[in-house]
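This report describes the disulfide bonding and the strand pairing of one protein model. The sequence and structure are shown first.

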Amino acid sequence: MSRRLIAMTFSFAGLVALLVLFWSLMTGIDHATVTPAPPYIPGTPVTLAPGEGVTARDGAERLDLQFSAVVEDSRCPVDVTCVWAGQATVRLHLGARGTHDIVTGAGAGGAVEVDGWRIAVTAVEPEAHSQRVIAAQDYRVTLFVERAVR
């Protein structure tokens with residue numbers, strides 16, 4: 001094969017690759033898999049990782065909720081005897097309703113009421129251990145969301 005024919009073959013292959021890339025970008029092809037959140041039924045527990053969210057619906061009422069982070073964790077490690085049980089502060093983003101912190105643990109209510117919705121933190125996992133730092137992405141919170149009784 002001549003050098004000229006080889007150069008033309010590589011140029012043509014490069015042009016085809018650029019055209020395929022351009023077409024993919026222009027037509028909105030997304031090669032990432034997006035898994036929609038399962039429907040959430042108010043009044044049932046739901047466990048979320050940081051960044052995960054749910055939408056609770058009650059008739060025409062809707063609450064968009066996302067677990068942002070555990071912003072404070074002073075819970076007593078399970079392998080230590082403590083005088084105080086400690087607490088954890090969970091930050092939730094509620095769409096247009098803003099960001100809310102819920103303090104859970106000894107002496108804390110562990111719930112917040114916002115626009116007719118009651119959101120309670122029922123568990124923060126994993127448990128604290130004296131010899132291990134919990135990475136932010138390893139936290140899981142279990143929430144119980146329901147319409148507030150008036």
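A disulfide (a pair of cysteine sulfur atoms within 2.5 Å) joins C76 to C82, with an S to S distance of 1.9 Å. The search of the whole structure finds one disulfide. The torsion about the S-S bond of C76 and C82 is about 85°, so this disulfide is right-handed. C82 counts as partly exposed because its relative accessibility is 34%; the class lies between buried (under 20% relative accessible area) and exposed (over 50%), with a 1.4 Å probe and protein chains only.

The model is predicted: local features need pLDDT of at least 70, side-chain atom pairs count only at pLDDT 80 or more, and totals for chains, interfaces and linings use all residues. Residues are numbered from 1 along each chain as its sequence is written, and side-chain values use heavy atoms, with hydrogens and water left out.

Strands are DSSP runs of E with at least two residues, numbered from the N terminus, and two strands pair if DSSP finds at least two bridges between them. An open sheet of four strands runs in the order β1-β8-β7-β6 with antiparallel pairing. Its edge strands are β1 and β6 (111-114), each of which pairs on one side only. The twist averages 25° from one strand to the next, with axes fitted as lines to C-alpha atoms and angles running from 0 to 180 degrees between N-to-C directions.

Two of the pairings are listed below.

| Strand | Partner | Sense | Bridges |
|---|---|---|---|
| β1 (residues 45-48) | β8 (residues 140-147) | antiparallel | four bridges |
| β7 (residues 117-125) | β8 | antiparallel | eight bridges |

Within β8, L143 is the bridge partner of V46, F144 stands opposite P45, and V141 stands opposite V124.
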